[in-house]
Amino acid sequence: PGALLTGARLVDVAPTLLYGLGFPVSRELDGQVLTAAFDKRFLARNPVAFFPSYEGLARARQAF
């Protein structure tokens with residue numbers, strides 16, 4: 001509450017939502033996680049997790 005987000009871009013929405021929902025963020029995404037939207041305690045307990053590509057997840061899922 002009360003967070004002021006400056007310099008946010010539309011491409012930042014997806015990585016920020018993914019992080020907020022507890023998913024890792026692909027390095028392929030153009031945007032960045034808007035960490036200013038989150039409480040510092042939340043950020044400390046939930047570091048932003050990255051991985052190279054969502055494409056590998058799709059292939060791994062098809063193997064099951």
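The structure, a predicted model, holds three aromatic pairs, where rings of Phe, Tyr and Trp (its six-membered ring) pair if their centres lie within 6.5 Å. Ring pairs link Tyr19, Phe38 and Phe42 into a cluster.

**Ring geometry**
- The rings of Tyr19 and Phe42 are edge-to-face (planes over 60 degrees apart), because their planes stand at 80°, with the centres 5.8 Å apart.
- Tyr19 belongs to helix 1 (residues 13-20) and Phe42 to helix 2 (residues 40-45), so this pair ties together parts that are 23 residues apart in sequence; helices here are DSSP runs of H or I with at least four residues, numbered from the N terminus.
- Phe38 and Phe42 form a stacked pair (planes under 30 degrees apart), because their planes meet at 15°, with ring centres 5.5 Å apart.

**Accessibility**
- Tyr19 is buried at 4% relative accessibility, the term meaning under 20% relative accessible area, with exposed over 50% and partly exposed in between (1.4 Å probe, protein chains only).
- Phe42 is partly exposed at 25%, and Phe38 is partly exposed at 21%.

**Charge over a ring**
- The charged end of Arg27 sits over the ring of Phe50, 4.1 Å from its centre; the criterion is NZ of Lys or CZ of Arg within 6 Å of the ring centre and within 35 degrees of the ring normal.

**Basis of the values**
- Residues are numbered from 1 along each chain as its sequence is written, and side-chain values use heavy atoms, leaving out hydrogens and water.
- Local features need pLDDT of at least 70, side-chain atom pairs count only at pLDDT 80 or more, and totals for chains, interfaces and linings use all residues.

Key:
Helices (H or I, at least four residues) and strands (E, at least two) are DSSP runs, numbered from the N terminus.
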